[in-house]
Amino acid sequence: MIQKTLTGETIKSTLIHQWKTKRKIDTVYEECPNCCREVKFEIFEEAEEFDAKTGEPHWDMGVFVHGEAECKCGACLLIADDMESFKIYWLNEKKMIGGNES
Ligand SMILES: [Zn+2]
């Protein structure tokens, strides 16, 4: 039987095989480096190694642990594990405080 989605795409159920490469592991609150408000980060880990045969992610080998959030002040923040501790990176710092462009 052929099913169709609302957008008219045909679902080929045997082809739908989504491997999860990312999973949520935690929620943390950290201070925004710009305005000192608490920002909520959802922390994900992302697999970097996959089983060659099944495509299943290897969660026990090298995973990238990170989370992204945007503060109310407009700062785009990235929290990432640098193997020792979590660090906050302010991605648009230059744009927000560096220049005078309006
Ligand atoms: Zn902020």
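The following dialogue explains some terms used for this predicted model.

Modeller: Residues are numbered from 1 along each chain as its sequence is written. In this predicted model, local features need pLDDT of at least 70 and side-chain atom pairs count only at pLDDT 80 or more, while totals for chains, interfaces and linings use all residues, and side-chain values use heavy atoms, without hydrogens and water.

Biologist: What makes Cys32, Cys35, Cys71 and Cys73 the protein donors of the zinc ion?

Modeller: Donors are N, O and S atoms within 2.8 Å of the metal (3.2 Å for Na, K and Ca); water is not among the atoms, so sites may look incomplete. The SG atoms of these four residues lie 2.2 to 2.3 Å from the zinc ion, so they count as donors.

Biologist: Why is the site of the zinc ion called tetrahedral?

Modeller: Four donors count as tetrahedral if all angles lie between 85 and 135 degrees. The angles among the four donor atoms here are 103 to 115°, so the site meets that definition.

Biologist: Why is Cys32 called buried, and why is Cys73 called partly exposed?

Modeller: Buried means under 20% relative accessible area, exposed over 50%, and partly exposed in between (1.4 Å probe, protein chains only). Cys32 has 1% relative accessibility and is therefore buried; Cys73 has 24% and is therefore partly exposed.

Biologist: Why does Asn92 count as buried?

Modeller: Its relative accessibility is 15%, so Asn92 counts as buried. Leaving aside neighbours within four places in sequence, Asn92 is in contact (heavy atoms within 4.5 Å) with Gly74, Ala75 and Cys76.

Methods. Four donors count as tetrahedral if all angles lie between 85 and 135 degrees; four count as square planar and six as octahedral if opposite donors are over 155 degrees apart and all others between 65 and 115; anything else is irregular.
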